[in-house]
Amino acid sequence: MSKTQDRERFVVAPHSRPAFARYARLHEDRVRDRFVVLAPERAYEIDAISLAVIGLIDGESTVAQIASRLAARYGAPEDVVARDVTALLQGLADKCLLRDGPDSFTPPPLSTLATSYAPFAAGPAGLLAELTHRCPLQCPYCSNPLELERPNVELTAKEWGETFRAAAAIGAMQLHLSGGEPTLRRDLEEILGYAVEAGLYSNLVTSAVMLTRERLEALAKIGLDHVQVSIQDVIPQSADYISAFEGGVAKKRDVAIWTREFGMGLTINAPMHRQNIDHLPKIIDFAVEVGAQRIEVAHIQYYAWAEKNRAALIPTREKFMESVKVVDEAKARLKGVLNFDFVIHDHYATLPKTCTGGWGRSIVVVTPSGKALPCHAAQTLPGLVFDDVRKRDLGDIWRNGSAFNAFRGGDWMKEPCRSCERREIDLGGCRCQAMAVTGDAAATDPACHLSPDHARFAALAATEAHAAPPPFVYRRMSGAGKETV
């Protein structure tokens with residue numbers, strides 16, 4: 001057996017003294033008039049009964065004491081209350097959000113600003129802030145556009161702060177500090193300070209190769225909640241080839257371990273493709289060894305740089321199905337130790353995914369130059385106009401911006417989407433994928449078996465996956481890339 005047995009599930013018992021880990025906390029979502037538990041890349045809505053239980057966990061009170069207090073408060077049988085309390089807390093523990101005993105780390109208190117937000121109907125839950133398109137890695141599946149934005153157009157730290165405040169005021173709770181590589185911003189500490197002031201849960205999405213221990217510790221002290229470390233592979237030679245960067249695996253391991261040492265949440269992000277899919281079991285072992293609570297095993301989607309490198313990246317159907325089995329087995333083996341987000345391969349699907357929670361429904365993306373997008377690949381769609389957050393109020397952009405309204409609702413849908421019983425479930429799937437494959441952004445996502453382009457979409461994968469992979473066209477600032485074998 002691998003090292004994945006070194007960590008154990010927290011089993012909640014009567015004598016347990018549950019408390020939130022530093023990277024999870026109860027949060028009053030004033031914009032939506034509710035309470036949620038904020039956690040890495042998640043906001044779990046809770047009901048009144050759950051709120052009563054969670055309000056009593058402090059790392060000092062035992063589960064038995066909590067149950068006794070609630071039984072007295074509500075005049076209920078203590079054994080029944082104890083059973084329900086244990087079940088609720090075990091669910092949170094299995095999401096890796098609780099610890100036994102108090103956490104020595106505490107997040108900064110909410111600012112006056114963060115407690116002043118007014119209601120805003122149907123706002124976004126998250127903000128993806130692309131701080132820069134600069135990056136030391138040159139991954140051939142990068143989701144950044146082919147024409148990368150230059151450093152001289154990047155928003156200043158103060159402008160990002162204004163954007164954070166505007167996003168929080170319309171409902172954003174999760175902030176993803178991304179890129180490119182966000183740690184190339186010398187003013188990242190100042191930018192993070194604005195995020196903490198706005199009351200946002202902060203996720204640093206990083207390749208990790210530029211971080212020092214001292215800088216990561218400084219970010220933790222400012223209030224960084226969570227770090228997502230991207231993994232190209234855990235086999236050094238393969239990782240170096242995929243990223244066109246030497247020595248990344250060892251540095252990523254160090255940063256992951258430091259992240260846990262400083263009490264922050266840790267996610268390992270593992271994009272899957274034919275060049276690394278055979279190493280998935282080792283990647284999962286790596287996530288456990290470095291103390292991650294989450295792993296994202298995501299088969300890449302083929303737009304932007306990934307579309308340019310599709311033939312070098314698509315795995316066979318057989319390899320994809322093996323990855324499904326590997327993840328399913330690991331989920332069962334690692335329950336309560338490691339949480340999984342698994343994104344399936346669209347070419348081998350029969351139903352489309354609800355892309356980014358639906359166009360203009362759950363997330364807003366802001367590029368380095370301040371363009372507000374409904375999804376991170378929206379610039380691949382022709383004819384859309386993207387507003388600048390420095391020139392137009394973000395709330396107005398969210399509600400009334402033409403790009404955000406382009407594919408909201410169902411009026412834009414064509415058949416078979418328009419009359420499909422799943423139209424309110426998958427919302428038509430991915431617009432960027434539809435455009436990349438069919439040339440029509442309003443077409444049915446070709447991942448859907450009802451799409452007239454589905455057979456061609458699947459056949460394309462079968463043909464390319466069984467052919468020898470061509471050289472990568474690495475991500476470059478020029479947009480043209482560089483072919484390398």
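Within the largest nonpolar core of this predicted model, which comprises 68 residues, Phe-164, Leu-177, Ile-268, Ile-295 and Leu-338 touch the most other members; such a core is a set of buried Ala, Val, Leu, Ile, Met, Phe, Trp, Tyr and Cys residues joined through side-chain atoms within 4.5 Å. Helix H9 (residues 280-289) gives the most to this core, contributing six residues. Apart from this core lies another, of 31 residues, including Phe-20 and Ile-66. Contacts of Leu-338 (heavy atoms within 4.5 Å), leaving aside neighbours within four places in sequence, include Cys-96, Ile-284, Val-288 and Ile-295. Residues are numbered from 1 along each chain as its sequence is written. Local features require pLDDT of at least 70 and side-chain atom pairs pLDDT 80 or more, whereas totals for chains, interfaces and linings use all residues; side-chain values use heavy atoms, without hydrogens and water.

An open sheet of nine strands shows mixed pairing in the order S12-S11-S10-S9-S8-S7-S6-S13-S14. Strands S12 (339-343) and S14 (372-373) stand at the edges with a single partner strand each, so one side of each is left without a neighbour in the sheet. Strands (E, at least two residues) and helices (H or I, at least four) are DSSP runs numbered from the N terminus, and pairing requires at least two DSSP bridges between two strands. Strands S6 (residues 126-130) and S7 (residues 174-178) pair in the parallel sense over five bridges, with Gln-174 of S7 as the bridge partner of Gly-126.

Arg-185 lies in the loop between S7 and helix H5 (188-198). At 5% relative accessibility, Arg-185 counts as buried (under 20% relative accessible area, with exposed over 50% and partly exposed in between; 1.4 Å probe, protein chains only). The side chain of Arg-185 reaches the backbone oxygen of Leu-155 at 2.8 Å.

Key
Polar contact = N/O pair within 3.5 Å; in protein donor to acceptor, adjacent residues only side chain to side chain.
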